[in-house]
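Here's a quick briefing to read alongside the sequence and the model. Have a look at the structure first, then work through the notes by topic.

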Amino acid sequence: MLVSDFQKADSARPRYKDTDSFLMKNAKVKLCLQASPMNGDLLLEDCNPESDFQDWSWQGDSLMNHGTQSCLSIMGTDRVQTSLCGSVGYTSWDCSNSLLSPLGSSHGYLVANRKGIALDNVRGLKAQWQDAADRSVCEEKAADAEQDRHFPAALASTRMSEQTAGNATLALGIDQKELEDLLWFFRREDPSTWNYSILALSFVAMILGLVLLAINIVRNRKRKIDVYKEAMQTAQQAELEAKQALVPLQEYSPPEPRKQEPQDQRSGDVVVQWKDGTVTSLYAEKPEEAI
């Protein structure tokens with residue numbers, strides 16, 4: 001059907017929007033403002049996004065608690081609690097720089113102290129209120145006001161577009177039912193071809209990757225074998241050169257000195273054998289004629 005999302009939201013839009021709810025955390029004590037379902041008192045508890053009694057939202061200038069469906073109000077001079085929205089009490093709040101103060105009153109600002117929640121003239125951290133993301137609650141108010149301002153304009157624009165589309169269908173000679181069938185036909189495309197194509201491409205990519213992996217493994221193995229052979233040849237050549245260098249040293253030996261047979265020695269002769277192997281008598285025998 002040609003019913004826009006804005007029309008659906010307009011027909012089902014509640015008075016209080018849960019999507020706009022936020023936590024009210026005090027910047028000083030880091031605890032969240034919680035409404036009591038029994039007597040309307042306000043408590044400071046650990047922040048719990050799942051608790052409806054800690055969910056607050058801006059309804060104009062009023063702060064409403066989603067758990068009790070009541071608004072933040074002032075009773076008496078400085079007592080702050082929740083009461084029915086629109087009842088007696090200050091249900092309208094001014095928000096500026098994370099500070100909440102009653103509109104049209106000089107009671108001060110909403111603060112968190114040891115006693116609980118009260119009104120005071122201080123402007124420190126205990127008077128500043130933030131959401132769970134540490135943003136000012138004033139930003140939540142501005143965002144809610146912006147959404148409320150643009151919602152009617154968008155809704156009117158959508159209705160005009162649908163009216164124009166209806167006129168176009170009448171001009172084309174197509175009734176509303178046929179147009180809906182055509183829209184449904186073009187929306188439910190069959191993705192089987194695309195899925196099979198992606199599956200085939202994935203299979204081809206896998207095969208190509210395996211082939212490249214096998215080629216890389218074979219080349220690495222061949223390179224390692226070549227390096228090993230080259231190392232073996234180098235070692236063998238070095239060993240052969242070392243053996244060839246040792247052969248001349250082993251073959252070379254100094255000539256042995258010639259041993260000269262000692263001549264007939266007489267008793268009392270002193271014989272000396274020199275380094276070259278010559279043997280001589282120290283005292284040569286002189287002939288008697290020389291004497």
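A salt bridge here is a side-chain nitrogen of Lys or Arg within 4 Å of a carboxyl oxygen of Asp or Glu. By that rule, a search of the whole structure turns up six salt bridges. Keep in mind that this is a predicted model, where local features need pLDDT of at least 70, side-chain atom pairs count only at pLDDT 80 or more, and totals for chains, interfaces and linings use all residues. Residues are numbered from 1 along each chain as its sequence is written, and side-chain values use heavy atoms, with hydrogens and water left out.

**Overall picture**

- The protein has four helices and 14 strands, taken as DSSP runs (helices are H or I, at least four residues; strands are E, at least two) and numbered from the N terminus.
- Of the 291 residues in the protein, 25% are buried; that means under 20% relative accessible area, with exposed being over 50% and partly exposed in between (1.4 Å probe, protein chains only).
- Take the contacts (heavy atoms within 4.5 Å) between residues at least 6 apart in sequence: 47% of them join residues at least 24 apart.

**Confidence**

- pLDDT, the predictor's confidence in each residue from 0 to 100, averages 76 over the protein, and 68% of the residues score at least 70.
- Among the elements, helix H1 (residues 5–11) has the lowest mean pLDDT at 38, while strand S2 (residues 32–35) has the highest at 93.
- Residues 1–17 stay under 50 in pLDDT, and the model has 33 contacts beyond four places in sequence for them.
- Where pLDDT is low, the predicted coordinates should not be read in detail.

**Salt bridges**

- Side chains of opposite charge can pair when their charged atoms come close.
- Lys 141 and Asp 61 form a salt bridge, with the closest N and O atoms 3.0 Å apart.
- That pair ties together distant parts of the chain, 80 residues apart: Lys 141 sits in helix H2, and Asp 61 in the loop between strand S4 (56–59) and strand S5 (62–65).
- Lys 141 counts as buried because its relative accessibility is 18%, whereas Asp 61 is partly exposed at 33%.
- Asp 131 and Arg 135 meet through their side chains in another salt bridge (3.1 Å, N to O).
- Asp 131 is buried at 3% relative accessibility, but Arg 135 is partly exposed, with a relative accessible area of 43%.
- A network of salt bridges links Asp 131, Arg 135 and Glu 140.
- Over in helix H4, Glu 239 and Lys 243 lie four residues apart, about one turn of the helix, and they form a salt bridge whose closest N and O atoms are 3.8 Å apart.
- Glu 239 is partly exposed, at a relative accessible area of 46%.

- Thr 82 belongs to strand S7 (residues 79–83) and counts as buried because its relative accessibility is 7%.
- Which residues does Thr 82 touch, not counting those up to four places away in sequence? They are Ala 35, Gly 40, Leu 42, Trp 56, Ser 70, Cys 71 and Ser 73.
- The side chains of Thr 82 and Ser 70 are joined by a polar contact of 3.5 Å.
- A polar contact is a pair of N or O atoms within 3.5 Å; within protein, one must be able to donate a hydrogen and the other to accept it, and residues adjacent in sequence count only if both atoms are side-chain atoms.
- Gln 130, in strand S12 (residues 129–130), is buried too, at 13% relative accessibility.
- Leaving aside neighbours within four places in sequence, Gln 130 has contacts that include Leu 23, Met 24, Lys 25 and Arg 135.

**Positive phi**

- Most residues other than glycine have a negative phi.
- Asn 97 has a phi near 55°; this residue lies in the loop between strand S8 (93–96) and strand S9 (99–102) and is exposed, with a relative accessible area of 61%.
- Asp 134, also not a glycine, has a positive phi of about 60°; its loop runs between S12 and helix H2 (137–172), and Asp 134 is partly exposed at 45%.
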